[in-house]
Amino acid sequence: MSTATNASAVPGRGTRLPRSARRMQLLDAASEIFVERGYHAAGMDEIAVHAGVSKPVLYQHFPSKLDLYIAVVDSHAEKLVNDVNTALRTTTDNHQRVRAAVQAFFDFIDQDNSGYRLIFSSDASDPAVIRRVEGATEACVDAVYGLVMHDSGLDPYRSRMLASGLVGASQVNARYWLEAKRPVDKQTAVETTVALLWGGLSGFPRQNPARSDAEPRSDAADTGAEA
């Protein structure tokens with residue numbers, strides 16, 4: 001059954017709004033229709049009705065369905081990237097950073113179900129959409145990569161491998177947890193993922209800028225990164 005409604009059933013949607021507010025309203029309505037119908041089956045007429053606006057108003061903001069879909073994907077992707085960046089800034093403790101980053105992925109997939117479906121389960125195959133999805137993932141990798149390279153002193157290639165591994169494992173585990181209908185509580189799923197990742201990441205010691213590269217490492221330094 002469609003979630004589409006007419007304008008009179010949605011208080012406030014037929015009223016005049018500032019352009020930015022109208023745009024957000026249209027994105028919200030389109031997100032619901034795209035998730036329910038899929039990109040190919042969704043129609044601009046249906047989205048306009050669901051938003052409580054005329055079709056010309058919808059086209060004033062978005063010239064085509066592809067433009068609208070890309071804007072919807074961008075809005076959800078931006079939220080995911082912001083969440084990951086915010087999580088990484090909450091602490092300077094590397095173990096807690098890993099936990100915060102993993103938590104951000106689980107929270108996004110758990111709380112923003114529309115965003116999860118549009119980014120990770122989209123039926124749209126247009127290259128522009130694919131680039132947006134890949135760009136969101138790369139932005140998350142970039143955020144982790146900068147911290148890994150700064151703290152570990154590893155070369156850029158190994159630093160990026162570690163960052164890609166953290167982001168990839170977080171995404172895959174969070175998606176599995178949701179698609180399996182949350183077989184364990186979220187915090188257990190998060191801690192399981194953190195244990196997997198930290199077991200590898202802790203093997204790369206945090207760099208001490210004051211120590212000369214020629215100075216031998218102590219046994220304590222070789223035991224792992226700062227917890």
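**The aromatic cluster and its surroundings**

Mentor: In this predicted model, one aromatic cluster is formed by Phe 34, Tyr 39 and Tyr 69. Across the structure there are five aromatic pairs. Tyr 39 also has a charged neighbour: Lys 65 lies over the face of its ring, at 4.7 Å from the ring centre. A charge over a ring is found elsewhere too, with Arg 160 over the face of Tyr 145, at 5.2 Å from the ring centre.

Phe 34 and Tyr 69 are among the residues with the most contacts inside the largest nonpolar core, together with Ile 47, Leu 58, Leu 68 and Val 98. That core has 66 residues. Helix 4 (65–88) is one of the elements that give two or more residues to it, as are helix 1, helix 2 (44–51) and helix 5 (94–111). The largest share of the core, twelve residues, comes from helix 4. In soluble globular proteins, nonpolar side chains tend to be buried together.

Helix 1 (19–37) also has a part in the largest pocket, where this helix and helix 3 (55–61) each supply at least two residues of the lining. The largest share of that lining, three residues, comes from helix 3. The pocket has a volume of about 190 Å³. Of its eleven lining residues, Arg 16, Leu 17, Arg 22, Val 57 and His 61 lie nearest the centre. By class, the lining has three nonpolar, four polar and four charged residues.

Notes
Residues numbered from 1 in each chain as written. Predicted model: local features only at pLDDT ≥ 70, side-chain atom pairs only at ≥ 80, totals over all residues. Heavy atoms only, no water. 1 Å grid on protein atoms, 1.4 Å probe; cavity = no way out; pocket = protein on both sides within 12 Å on 5 of 7 lines; lining within 4 Å. Points joined across faces, edges and corners; volume = space filled by probe spheres on them. Helix = DSSP H or I, 4+ residues; strand = E, 2+ residues; numbered from the N terminus. Nonpolar A, V, L, I, M, F, W, Y, C, P; charged D, E, K, R; others polar. Phe/Tyr/Trp six-rings, centres within 6.5 Å; stacked < 30°, edge-to-face > 60°. Lys NZ or Arg CZ within 6 Å of the ring centre and 35° of its normal. Core = buried A, V, L, I, M, F, W, Y, C linked by side-chain atoms within 4.5 Å. Buried < 20%, exposed > 50% of the residue type's maximum accessible area, 1.4 Å probe, protein only.
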